[in-house]
Structure formats: C-alpha cells, structure tokens
Amino acid sequence: VIAVALSIYLLAQVCSTVGSVENPNRAQVVRITATSGADVNFVTQLRNKFNLDAWRDLHQTNATGDFFVPSHLVHVMGNLLKLHGIPFTVLIDDAARFIPKHVKREVKLRQRRAATEDHYRYKYLSYTKMNKFLERVQERATKADVYIGFIGKSFEGRDTPYVKITSKRDSRPRGTIFIDGGIHSREWISPAMALEVIHRLALNTEQDSQVDQLLDMFDFIVVPLVNPDGYAYTFMPETGVTLGRLWRKSRTSNYSNDFSCYGVDLNRNFGYKWNNSPSFGGSSDPCSPSFSGPYSFSEPESNNLRRLLLANKDVIKGYLSFHSYGQYMLYPWGYREDVEIEDERDLIHVAKAFKDIMQTKNYNYHVGGSAKSLYPAAGGSSDYVRGVVGVKYSYTLELPPVEGSWGFIIPERKVEPIVTDTWKGIKALLFRLHSYT
Ligand code: ARG
Ligand code: ZN
C-alpha cells in the first residue's frame, strides 16, 4: 500500500507536468507479466485501488494477467508499471473505439446470417434466439429424449431454461453429467459451447457413434445460460466502455443506485466457504467486477442453479462449468490455494484426457487446482458442487483463447472451430470419467 501511495504521489507530480502533452487518452487492455511475488502484490494493489476489470486476473509469478485500463488511467498505470520494472504489452489499443467498432461489424454480419438452429456455430445467439434454438432442437430430436425445464427466473424476470437429454434406448438409471454456461455474461463462447453440447447430444446430425455410446453411459443436464440478465445486457448497444458487451456480473439493482455498479459476480456467490474479501478473490464493493454479493446465494441466478444441482445430488457424476478465457481445466479447491484436494490424481487423470485431445488440435491447456494454478476465488460454482453437492469430478473449464488479442471478443467466424474442437476434448473426458469410475 505504501509503495502504491508513494508511486501515485510521484506520478501525480510527473503527470501534472507532462499530462497534457503526452496523455494518449485511449483505453487499453494490457497484458502484464509478473516475475516476482512483489510484482504480483503490486499489480493486485493497483487492481483493487482502481477497481480494475481483470479480464484474466494475475496471481502467480511468471504468469501473465490481462487488465482493462480506462483511458484516464492509461498514463498513470503505464508509468507505475515502468517505475516498478514490471513488463507489459498492449493487447488491445484504443479499446473504447476498437471494441464498439468490432461489435457493430459483428452485429451486421449476424443479421445477414439465417437464424436456424444449425447456424448457432456461426453466430452468437441472443437470449431470445437461444430459447427458440432449444425449442427447435427439442422438436427435431428423434434419437434422444429432450426435456426442457426452467430453473427459475432471473432478477429481471427472465426464465432460465435447462435441457435434459437422455437415451431413447431404455430408461435404466444412469449417472448424470451436469453442464452449465454463461455464469459470466461477456464470456460468449461459454453458452455457445453449451449449445454445441446440446446440439451434438440431442440431434447428432453428424451421426457420431460416440454420441450413442455417451448417451448409453450418462444422462445429461445442461443449463446453457445461468445469467440471462447479464447476457441480454451484453447484447444491448454500448452504454460505455466496460458496460454493454464487456459486462461480467448479473444485473441486480439492490446494492447500488449507480447502474454501472449493478450486479453480483455469480461465480463468487455460491455457498461453500463463501468469503467476500479480496484475499479470497471476491469483493464487498458493489462497484467491483467481482462483487461477491452481501451473503452466499443472495442472488436468484445462483439459487436457481443450486436448486437443480441439489435435486440431482445423488446422480451427478461429473460437473463442467464453462467460462472464458485462458485455456485451463481447473478442479477444486478454488477458495484457497493452500488446501489440497485428496483425490487430485484422479481429477488430473480425467482432465488429462481432455488436455491430450486438445493438444492434438494445437490448443495448449493447463490442468490444475483452481486457486493454485489461477488465483483464489471463494464462492465459485465448482467448489460448491464438490463441497456441498458432493460431486467428485467438478471442473471449471476456461475456454480459448489464451494468445492473441481477442479475449472475450471472439469473432463469430472462430466459434465453429473452437466448439467443434472442444467437443472432441469433452467427449474424451467423459469416456475416461466413465471408464474410471
Ligand atoms: N474465471 C473464473 C472466475 O474468476 C475462474 C474461477 C475458477 N476458480 C478459481 N478459484 N480460480 O470466476
Ligand atoms: Zn468466467
């Protein structure tokens, strides 16, 4: 804190003399490399001090993190990092111009493409289109039984569907694989991936015999969009730089009058070892992008998911929560990095099946404990599923990208390769999970 205060004081001096000359006044997304524990601490202090939006947070040494830096902080941040000898590169320059421009172009392209259920691989579906997609899939499914239910309503009153897909062959009891997407609204590749799973399993238009085998092994429950309010908000015209397309949280208005401070980070709101302090990756500040909420399960969205999880407590054999980005397959614990999970070897073994397949497609994935390999974050869904629901194989999957400058803003033309490749990895994971248990 002292180092920051001092640096900021110094910079205030510096900026007051050169600010008007040199201030680039453009928001940026920067990739910061931490080479020591002191670097990590310093970056963490900056993030907390400025309530920076971490696209990919930084907690490990010799790792990188991506941060959205609003225009008024670009100059100060750059100087502070230089002052402390912390290397960084600019991932997206002039983000306030680039992102809306990109969004506009994508919207135009999207409108030109037809909206049938087979086009979801080539475009991001809005909340409304997603619901139509699910209905069409249900109508068309002939080889599997598809049931659409609702886990409840979001804060703004949107129905939140889930899909249950089961084999038509016989009704003997099977273990259930539970998958969700869209906990964080800007991570659009996550619900897109969930729709891919639904389409593959329910329709199997590819006539993949492995799908028949999977349906013989497991029942599937998929909640493609846990946070429909946040997602709908990311489809609205840009209202600001980090608003609109880059919104992460839900849209609860209970905790702040400032609409830019609405919402709760739903992946900090689940009730296992819940803790809203920054050292546990959360926040008690409604304006923080990782606001944990006032208490665990304070939000309808997390509660809705909890109910469906608990209703299937005895049958769930595996849990996958889709997020982006960074290419990690993470297992518990996420709330603290100094707690070991006793059956880590099994969790790694199953995750490796995914990692190995993805490697053959040139995606480099990291398998590890959530807090250990990424950062501590209490209140995550996969900790809850492991700790309370009692599911041994509980994972958070951080989808692509890891390199390049796209972050959450993956162009639509890249959706199809990502979801088709990733589906192969998920199949491998499920086969291994089945043979291993
Ligand atoms: N990106 C996810 C989030 O911030 C990762 C959660 C995984 N858990 C963890 N402790 N890192 O919610
Ligand atoms: Zn996420």
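Colleague: Hi! Where does Pro-401 sit in this one?
Modeller: Hi! This is a predicted model, and in it Pro-401 lies in the loop between strand β12 and helix α13, the latter covering residues 415–436.

Colleague: And what kind of peptide bond leads from Pro-400 to Pro-401?
Modeller: That bond is cis, with omega near 0°. There is also a cis bond from Pro-332 to Trp-333, where omega is near 10°.

Colleague: Which loop holds Trp-333?
Modeller: Trp-333 is in the loop between β10 (328–331) and α10 (344–360).

Colleague: Is Glu-398 buried or exposed?
Modeller: Glu-398 counts as buried, because it has 23 C-beta neighbours inside 10 Å, and the cut-off for buried is 20 or more.

Colleague: Which residues does Glu-398 touch, leaving out those up to four places away in sequence?
Modeller: With those left out, Glu-398 touches His-323, Ser-324, Tyr-325, Gly-326, Gln-327, Tyr-328 and Leu-330.

Colleague: New topic: the ligand. Which residues are around ligand 1?
Modeller: Among them are His-323 and Leu-330, which Glu-398 also touches. Others around ligand 1 include Asn-267, Gly-334, Ser-370, Tyr-375, Pro-376 and Thr-396.

Colleague: How does that shell divide into nonpolar, polar and charged?
Modeller: The shell around ligand 1 has 6 nonpolar residues, 6 polar ones and no charged ones.

Colleague: Let's go to the largest nonpolar core. Which of its residues touch the most other members?
Modeller: Out of 121 residues in that core, those are Val-197, Ile-198, Ala-202, Val-222, Phe-354 and Tyr-395. Helix α6 (residues 189–202) gives the most to this core, with 9 residues.

Colleague: What is Tyr-395 in contact with, beyond its neighbours within four places in sequence?
Modeller: Tyr-395 is in contact with Tyr-319, Leu-320, Met-329, Leu-330, Tyr-331, Ala-351 and Ser-382.

Colleague: Now helices. How many residues are in α9, and how far does it reach?
Modeller: Helix α9 (residues 300–311) has 12 residues. From its first C-alpha to its last it reaches 16 Å, close to the 16 Å expected at 1.5 Å a residue.

Colleague: Which α9 residues are buried, and what do they pack against?
Modeller: The buried ones are Pro-300, Glu-301, Ser-302, Asn-304, Leu-305, Arg-306, Leu-308 and Leu-309. They pack against strands β5, β6, β7 and β8, and against helix α12 (381–389).

Colleague: Which loop comes up to α9, the one with Lys-273?
Modeller: Lys-273 is in the loop between α8 (228–234) and α9. Phi of Lys-273 is near 55°, a positive value in a residue other than glycine.

Colleague: Last one: where is Met-130, and what does it touch outside four places in sequence?
Modeller: Met-130 is in helix α5 (residues 127–140). It touches Leu-125, Pro-191, Pro-224 and Leu-225. Met-130 is buried, because 22 other C-beta atoms lie within 10 Å.

Methods
Residues are numbered from 1 along each chain as its sequence is written. Chains are lettered from A and ligands numbered from 1 in the order in which they are written. This is a predicted model: local features need pLDDT of at least 70, side-chain atom pairs count only at pLDDT 80 or more; totals for chains, interfaces and linings use all residues. A nonpolar core is a set of buried Ala, Val, Leu, Ile, Met, Phe, Trp, Tyr and Cys residues joined through C-beta atoms within 7 Å. A residue is buried if 20 or more other C-beta atoms lie within 10 Å of its own, exposed if 12 or fewer, and partly exposed in between; C-beta atoms are placed from the backbone. Helices (H or I, at least four residues) and strands (E, at least two) are DSSP runs, numbered from the N terminus. Two residues are in contact if their C-beta atoms, placed from the backbone, lie within 7 Å. A residue is near a molecule or strand if its C-beta atom, placed from the backbone, lies within 6 Å of it. Ala, Val, Leu, Ile, Met, Phe, Trp, Tyr, Cys and Pro count as nonpolar, Asp, Glu, Lys and Arg as charged, and the others, Gly among them, as polar. The expected span of a helix is 1.5 Å times one less than its number of residues.
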